[in-house]
Amino acid sequence: MKQVRPIGRVAGVFAATGSPSSPHEFVTQAVEALAFDAAGIRGDLHAGLTRRSGPREPWLPRGLTLRNDRQVSALCPAELAAIARGLDLPALPPEWLGGNLLVEGLVALSAIAPGSRLAIGGGWGGTGRFDGSAVLRVEAYNLPCRRAGGAVAAATGRSDLAARFVKAAAGLRGLVLSVDLPGTIAVGDAVVVIPPVTVKGTTR
């Protein structure tokens, strides 16, 4: 039987504000569309072909030049709502977490396997050849950190949320991605999940 690929929808796209008046450098703002190149989103906090090693790579010395596997951040409305409940907030806007894409309609976005692709745009629906606008590679689950919690605390004026965020967002923080095929992504675009190739249950 032919596999049916999970299909979602882009519910929002967000870019760095570049404004010194923003409550935190993490903060993004809603835009109509985003143009992606091989380095990610121009002007975004995480744009670039490379990045420096840091606390996420405890086995490496700090400051080494690595391939940038954190160019794009994707979040899910249902998961943001769950985090908000854990923080006693009425809502948690994706902008507060520096989100670039808000993707709805996919079950457990944060659990999508690394190596999967999000093929965005077009009307192909996962059958035949891709006719959309951009393809992003899922690199990893985006572990919650106090830096993101600090952005939430700054936006709400509640200093306690900086520490509470890490626990409340566990398993719900979304994904980090890199650009496989550059293009433009807009609200309303379809999102088709292309699973990674596996052999005997092992992801390649």
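Colleague: Is D88 buried or exposed?
Modeller: The model is a predicted one. In it, D88 has a relative accessible area of 56%. Values over 50% count as exposed, so D88 is exposed.

Colleague: Which loop holds A108, and what is the phi of A108?
Modeller: A108 belongs to the loop between β8 and β9. With a relative accessibility of 39%, A108 counts as partly exposed. A108 is also a residue other than glycine with a positive phi, and that phi is near 55 degrees.

Colleague: Which residues have the most contacts inside the largest nonpolar core?
Modeller: That core has 25 residues. Elements that give two or more residues to it include β1 (7-16), β3 (33-37), β10 (134-141) and β11 (175-181). The residues with the most contacts inside the core are F36, L101, L136 and I185.

Colleague: Take I185. Which residues is I185 in contact with, leaving aside its neighbours within four places in sequence?
Modeller: I185 is among the residues with the most contacts inside the largest nonpolar core. Two of its partners, F36 and L101, are also on that list.

Colleague: How many residues are in the second, separate core?
Modeller: Among the members of this second core are L87, L89, C145 and A168.

Colleague: Is S73 buried or exposed?
Modeller: S73 sits in strand β7. Leaving aside neighbours within four places in sequence, S73 is in contact with residues including G98, N100, L101 and L177. Its relative accessible area is 8%; buried means under 20%, so S73 is buried.

Colleague: What is the angle between helix α2 and helix α3?
Modeller: Two packed helices are described by the angle between their axes and the distance between the axes. Here α2 covers residues 146-156 and α3 covers residues 161-168, with axes 7 Å apart. The angle is about 125 degrees. Because of that angle, α2 is oblique to α3, and the value asked for is about 125 degrees.

Colleague: Which residues of α3 meet α2?
Modeller: The crossing of the two helices is right-handed. From α2 the contact takes R146, A148, G149, G150, V152, A153 and T156. By class, the contact has eight nonpolar, three polar and one charged residues. The residues on the α3 side are L161, A162, A163, F165 and V166.

Colleague: Which residues of α2 are buried?
Modeller: An α-helix has 3.6 residues a turn, so residues three or four places apart point the same way. The buried residues of α2 pack against α3. They are A148, G149, A151, V152 and A153.

Colleague: Which residue just after α2 takes a positive phi?
Modeller: The phi in question is about 75 degrees. The residue is G157.

Colleague: How far apart in space are A169 and P144, C-alpha to C-alpha?
Modeller: A169 lies in the loop between α3 and β11, and is buried at 0% relative accessibility. Not counting residues up to four places away in sequence, A169 touches I83, Y141 and P144. A169 and P144 are 25 residues apart in sequence, and the C-alpha to C-alpha distance is 6.1 Å.

Colleague: How far apart in space are E104 and I7, C-alpha to C-alpha?
Modeller: E104 lies in strand β8 and is partly exposed, with a relative accessible area of 30%. Leaving aside neighbours within four places in sequence, its contacts are G8, R9, A11 and P77. E104 and I7 are 97 residues apart in sequence, and their distance in space is 9.2 Å.

Colleague: How far apart in space are P6 and G105, C-alpha to C-alpha?
Modeller: P6 lies in the segment before β1 and is partly exposed, with a relative accessible area of 39%. Leaving aside neighbours within four places in sequence, P6 is in contact with L106, V191, V192 and V193. P6 and G105 are 99 residues apart in sequence, and in space they are apart by 8.7 Å.

Definitions and conventions:
Residues numbered from 1 in each chain as written. Predicted model: local features only at pLDDT ≥ 70, side-chain atom pairs only at ≥ 80, totals over all residues. Heavy atoms only, no water. Core = buried A, V, L, I, M, F, W, Y, C linked by side-chain atoms within 4.5 Å. Buried < 20%, exposed > 50% of the residue type's maximum accessible area, 1.4 Å probe, protein only. Helix = DSSP H or I, 4+ residues; strand = E, 2+ residues; numbered from the N terminus. Contact = heavy atoms within 4.5 Å. Axes fitted to C-alpha atoms, helices over the stretch in contact; angles between N-to-C directions. Parallel < 35°, antiparallel > 145°, perpendicular 65-115°, else oblique. Left-handed = near helix turned anticlockwise from the far one by under 90°. Nonpolar A, V, L, I, M, F, W, Y, C, P; charged D, E, K, R; others polar.
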